[in-house]
Amino acid sequence: MLFAVDVPVQFFQSAIAIALAVAGALLWQMRFFDSNDARRQDRVSLPDARLRLGLALVLGTTLFGSLWAIADEGPKWAAYFVTIGLAVSILPIGLRVLPPLAKDSLTNERDPDYAITVIALVLYVVVVAGFLILLDIE
């Protein structure tokens with residue numbers, strides 16, 4: 001006989017806290033809190049609007065999905081989507097810290113530490129997949 005196991009509410013509360021921390025870090029990295037004068041002086045432009053919109057959708061869906069799951073007693077499939085949403089929202093921070101994937105525009109050569117980024121991304125996918133498998137164990 002199979003029983004439906006609900007995910008504890010604390011999982012979704014933790015997801016909300018992490019999503020808010022990630023959102024704050026991303027906004028700070030994008031220099032969202034700088035004034036327009038400071039941006040003009042540093043000649044720093046914001047990332048592409050589509051990327052910002054995509055990240056806002058992922059973070060918003062994760063946040064409101066967590067709130068909905070708390071109100072609905074936390075079904076397991078909601079935990080999967082919240083976990084994937086958190087994993088996707090943390091990617092830009094990781095990519096900013098790791099060596100660049102793109103080729104240099106002047107020399108048309110890759111960074112010598114390019115392999116580190118590729119290995120780190122593969123390991124990240126493995127860790128997230130492992131966590132999703134752990135969520136499925138009853």
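Helices (H or I, at least four residues) and strands (E, at least two) are DSSP runs, numbered from the N terminus. This is a predicted model, in which local features need pLDDT of at least 70 and side-chain atom pairs count only at pLDDT 80 or more, while totals for chains, interfaces and linings use all residues. Residues are numbered from 1 along each chain as its sequence is written, and side-chain values use heavy atoms, with hydrogens and water left out.

I will start with the whole protein. It has five helices and zero strands, so written along the sequence, the pattern is α-α-α-α-α. Of its 138 residues, 23% count as buried, where buried means under 20% relative accessible area, exposed over 50%, and partly exposed in between (1.4 Å probe, protein chains only).

Next, one pair of helices. Two packed helices are described by the angle between their axes and the distance between the axes. The axes of H1 (residues 9-29) and H3 (residues 49-71) come within 9 Å and cross at roughly 160°. Axes here are lines fitted to C-alpha atoms, for helices over the stretch in contact, with angles from 0 to 180 degrees between N-to-C directions. H1 is therefore roughly antiparallel to H3; angles under 35 degrees count as roughly parallel, over 145 as roughly antiparallel, 65 to 115 as roughly perpendicular and the rest as oblique.

Which residues meet between H1 and H3? On the H1 side they include Phe12, Ala15, Ile16 and Ala19, and on the H3 side Thr62 and Ser66 are among them. Contact means heavy atoms within 4.5 Å. The residues of this contact divide into 15 nonpolar, three polar and no charged. In that division, Ala, Val, Leu, Ile, Met, Phe, Trp, Tyr, Cys and Pro count as nonpolar, Asp, Glu, Lys and Arg as charged, and the others, Gly among them, as polar.

Now two residues of H3. Thr62 lies in this helix and is buried, at 4% relative accessibility. A polar atom of its side chain lies 2.7 Å from the backbone oxygen of Val58. Leaving aside neighbours within four places in sequence, Thr62 is in contact with Ala19, Val82, Gly85 and Leu86.

Ser66 is also placed in H3. Is Ser66 buried or exposed? It is buried, with a relative accessible area of 0%. A polar atom of the Ser66 side chain lies 2.9 Å from the backbone oxygen of Thr62. Not counting residues up to four places away in sequence, Ser66 touches Phe12, Ala15, Ile16 and Val82.

Terms used. Polar contact = N/O pair within 3.5 Å; in protein donor to acceptor, adjacent residues only side chain to side chain.
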